[in-house]
Amino acid sequence: MTQAEQDRGQHRYDFSTILERHGSTSIKWHEIEAEMGPDSRDVIPLSVADMEFKPAPEIVDALVEAATHDVFGYDYATDDYFAALTGWMSRRHGYDIDPTWVSLSDGVMPAINTALRAVTHPGDKVIIQRPVYYPFTFAAEHNGLTILDNELVLDEAAGRYGIDFDDLEAKAADPRCTALILCNPHNPVGRVWTTDELHRIGDICLEHGVYLLCDEIHADFAHPGHAVTMFGTLGERYRSILFEFTAPTKTFNLAGLLCSNAIIPDPELKRRFDVAAENIGGLTVSHFGLVACQAAYNHAGAWLDGLLGVLERNVAVLREFAARTEGVRLIEPEGTYLAWLDCRGLGFETPEALRDFMRDEARVWFDEGSLFGRSGDYFERVNLACPTALLERVLDNVGRALAARR
């Protein structure tokens with residue numbers, strides 16, 4: 001994607017209007033009032049990973065057309081749906097998938113839970129890489145699995161996270177270890193794993209008979225200088241252990257429409273996944289989710305191109321804030337629309353004290369790093385999918401509150 005394509009997308013679509021979300025059914029706006037009471041309307045959330053933008057009008061038009069003319073009965077995914085999905089994967093990721101590899105789900109996490117039920121048994125062990133998206137922890141615990149934490153390693157000098165491959169191999173070699181849940185790109189630290197890193201992960205899993213559950217819901221978000229490699233593009237070598245989970249929901253701000261796609265190239269693995277889904281009554285995609293996904297992949301690419309330009313600008317704004325703010329460091333994001341802000345230098349005695357300062361004094365609500373594991377203590381996850389003016393308002397609040405504290 002060229003700079004000219006980003007510029008055209010930004011001018012064509014509205015990424016600057018600050019939406020009024022109070023009184024809506026938005027979780028991230030509602031939880032502030034639920035936690036802090038009615039005097040919290042000035043608190044701004046950049047937390048839960050959905051966007052402060054309306055979806056692409058091409059998607060809205062398709063939904064309106066469906067609402068006007070469709071019958072909302074039991075659905076199946078049509079050939080046109082699969083053509084939209086496979087076309088997107090080919091154009092955006094160079095990934096040529098066969099529609100027969102795809103199982104649908106109402107969300108990536110339901111699909112990951114289903115895959116765990118397909119290939120693990122209670123008492124088995126599963127590897128996750130904290131700090132990591134906290135529903136991975138819930139998925140392991142709810143399925144009776146023991147967590148092996150292959151904790152990511154922060155290179156303090158470079159400000160970049162990496163994988164401890166010696167530790168990963170040792171944990172994968174545990175005879176009770178059955179699966180690894182990989183986040184690619186990684187939420188919350190923003191790493192886009194390189195092809196070499198992905199090969200090393202895949203080879204370790206193959207050697208030790210560990211299934212690889214790859215969450216690629218943020219795969220459409222790569223920052224300049226980085227390219228997301230979808231695991232399935234690495235070749236047939238890894239197909240016997242691989243589940244990939246994708247969705248239009250992060251890319252196009254459609255989380256409430258409940259639609260995702262599990263890509264499972266190995267026929268036996270796909271059969272086991274489908275049986276596990278049937279055993280809980282099936283994984284159902286909403287009618288409007290199917291409509292929105294098809295419209296997004298066929299017609300809304302220019303909207304995403306414009307959004308990527310906005311995200312690049314927002315990263316620059318946050319980078320400049322961190323550079324001028326003593327005690328704060330930005331872990332440079334390579335992918336996702338989330339930023340990982342290192343606040344260890346601010347000197348708060350506990351993570352809870354940092355949280356309370358942000359909410360009570362700065363009047364902003366981030367996702368606290370401790371949600372993602374103890375190694376996330378004193379970090380904040382910042383959602384950058386918002387108008388730049390809103391981000392600037394949040395950072396001004398933080399800057400003023402820090403100045404008053406000092």
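The model is predicted: local features require pLDDT of at least 70, side-chain atom pairs count only at pLDDT 80 or more, and totals for chains, interfaces and linings use all residues. Residues are numbered from 1 along each chain as its sequence is written, and side-chain values use heavy atoms, without hydrogens and water.

**Overall fold**
- The protein chain contains 14 helices and 15 strands, which are DSSP runs numbered from the N terminus (helices H or I, at least four residues; strands E, at least two).
- Its radius of gyration, taken over C-alpha atoms, is 21 Å, close to the 22 Å of the globule rule (2.2 Å times the number of residues to the power 0.38) for 406 residues, so the chain is as compact as a globular protein of that length.
- Along its principal axes, the C-alpha trace spans about 60 × 55 × 40 Å.
- Among contacts (heavy atoms within 4.5 Å) between residues at least 6 apart in sequence, 74% join residues at least 24 apart.

**Annotated domain**
- An unreviewed UniProt entry places the feature "domain: Aminotransferase class I/classII large" at residues 42-396; such annotations may be inferred rather than shown by experiment.
- Residues 42-396 are 40% helix and 16% strand, with the end C-alpha atoms 13 Å apart.

**Glycine 345**
- Glycine 345 lies in the loop between strand 12 (338-342) and helix 13 (351-361).
- With 56% relative accessibility, glycine 345 counts as exposed (over 50%).
- Glutamate 326 is 19 residues from glycine 345 in sequence and 7.5 Å from it in space, C-alpha to C-alpha.

Note on methods:
Buried < 20%, exposed > 50% of the residue type's maximum accessible area, 1.4 Å probe, protein only.
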